[in-house]
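User: Hi! I am new to this structure and would like to learn how to read it. Could you take me through its features step by step?

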Amino acid sequence: MTFPTIKQVRAHVVRGGGADYHDQGDGHWIDDHIATPMAKYPEYRQSRQSFGINVLGTLVVEIEAADGTVGFAVTTGGEPAAYIVEKHLARFLEGHSPTDYEKIWDQMYFGTQYYGRKGLVVNAISGVDLALWDLLGKLRREPVYHLLGGAVRDELSFYATGARPDLAKQMGFIGGKMPLHHGPAEGEEGLKKNIAELATMRERCGEDFWLMFDCWMALDLNYATRLAHRAKDYGLKWIEEALSPDDYWGYAALKKAAPAGMLVTTGEHEATRWGFRMLMEMECCDIIQPDVGWCGGVTELLKISAMADSRGVMVIPHGSSVYSYHFVITRHNSPFAEFLMMAPKADQVVPMFHPQLLGEPVPENGRLKATALDKPGFGVDLNPAVTLHRPYTH
Ligand SMILES: [Mg+2]
């Protein structure tokens, strides 16, 4: 059967403020004294932008087939990822069939392994892989979730990540995950403040609403264990990414030391089947949270997810909007999804990838019907009002 081959791969960046979701202005909850591994340095404690969380910016990968059909994807990685896509990865796609995503992924990964394996390179590979799935869906005139096996439920239900779980509850979400504001460098005083914030939200949200802490790699084992035990009194559902992603031993110890019934979650900054195999074989967590735009794309997430399913580990992907939704709706072991509240005060639902994407579906009353995903590919368009720059060509 003939299928149009890939004619060209193009990598673009978006210049200027707001180019990625970390690049938000003053007063946004996402950059308001959030605990981080850099918070031990007082000069980098108030803002994640101060230590450079936003330096890379957005990457937009386009893949054009010989018949003119274009698939695309948006992730992070900016100019350095654009360089890797143009100068290195494009060769594994151009002239080949978009149906051959397994071979293409294998060549992208092993062709870059000597300097890649994780981080920026796998971020770039993920962007290409997502654009490839978008292209495949458009060529086959089917939504990506059909290509992944079809919906296993009629709708997605969401928890909200943001500073206001109390408002998220009113908006129909099943839970609210708050950023932790104080890390070990702020001592007992900071720990008390963290617990006080949880207590306030428990008071406002009632007994049954899920409340979680996202610790963004900021803690050490001792602090994380003490936080978990103090938070138990307020029904904390899970403690997320408490430790460095390299500290598999710490996570294994934290999972053993956490109060019964409290879940330990991590994986947002982990990549590939091998990274997640380590998390699972060392029994580091109850839920893994791969970001499909960072962990290797959909092709790799399928492998990670199958491994998790066999071990009774849930897969709740980190953010990533439609790129996650099309996956989550197809997996039994991904029973709900994350929605990142991008409104500065976390007081309304706005599209996660605004302004880059047009047609991005958002939850209503904390839910999204599978039918809202019923468009070819990932079902979104690039906003022509956003100017793309192509810094490198090949
Ligand atoms: Mg997180």
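Analyst: Happy to. Let us begin with charge: the protein chain carries 38 positive and 49 negative side chains, and the centres of the two sets lie 2 Å apart. Lys and Arg count as positive and Asp and Glu as negative, while His and the chain ends are not counted. Each charge is placed at NZ of Lys, CZ of Arg, CG of Asp or CD of Glu. As background, this is a predicted model, in which local features need pLDDT of at least 70, side-chain atom pairs count only at pLDDT 80 or more, and totals for chains, interfaces and linings use all residues. Residues are numbered from 1 along each chain as its sequence is written, and side-chain values use heavy atoms, with hydrogens and water left out.

User: How many helices and strands does the protein chain have?

Analyst: Helices (H or I, at least four residues) and strands (E, at least two) are DSSP runs, numbered from the N terminus. Here there are eleven helices and 14 strands.

User: What does the radius of gyration of the protein chain agree with?

Analyst: This radius is taken over C-alpha atoms, and the globule rule is 2.2 Å times the number of residues to the power 0.38. For 394 residues, a compact globule would have a value near 21 Å, and the 20 Å of the protein chain agrees with that. Along its principal axes, the C-alpha trace spans about 65 × 45 × 40 Å.

User: How should I read burial and contacts?

Analyst: A residue is buried under 20% relative accessible area, exposed over 50%, and partly exposed in between (1.4 Å probe, protein chains only). By that rule, 57% of the 394 residues of the protein chain count as buried. Contact means heavy atoms within 4.5 Å. Among contacts between residues at least 6 apart in sequence, 72% join residues at least 24 apart.

User: Which residues of helix α1 are buried?

Analyst: First, the general idea: an α-helix has 3.6 residues a turn, so residues three or four places apart point the same way. In α1 (residues 78-89), the buried residues are Gly78, Ala81, Ala82, Ile84, Val85, Glu86, His88 and Leu89. Their cover includes strands β1 (6-13), β2 (58-65) and β3 (70-76), along with helices α2 (101-111) and α3 (119-140).

User: Which residues are the protein donors of the magnesium ion?

Analyst: Donors are N, O and S atoms within 2.8 Å of the metal (3.2 Å for Na, K and Ca); water is not among the atoms, so sites may look incomplete. In this model, Asp214 (OD), Glu240 (OE) and Glu268 (OE) lie 2.0 to 2.3 Å from the magnesium ion. Their spacing along the chain is D-x25-E-x27-E. Glu240 belongs to strand β7 (residues 236-240) and Glu268 to the loop between β8 (263-266) and α9 (272-281), so this pair, 28 residues apart, links distant parts of the chain. Both Glu240 and Glu268 are buried.

User: Is Lys256 buried or exposed, and which residues is Met307 in contact with?

Analyst: Lys256, in helix α8 (residues 248-257), is exposed with a relative accessible area of 75%. Met307 lies in helix α10 (residues 297-310) and is partly exposed at 22%. Leaving aside neighbours within four places in sequence, Met307 is in contact with Arg273, Phe276, Arg277 and Met280.
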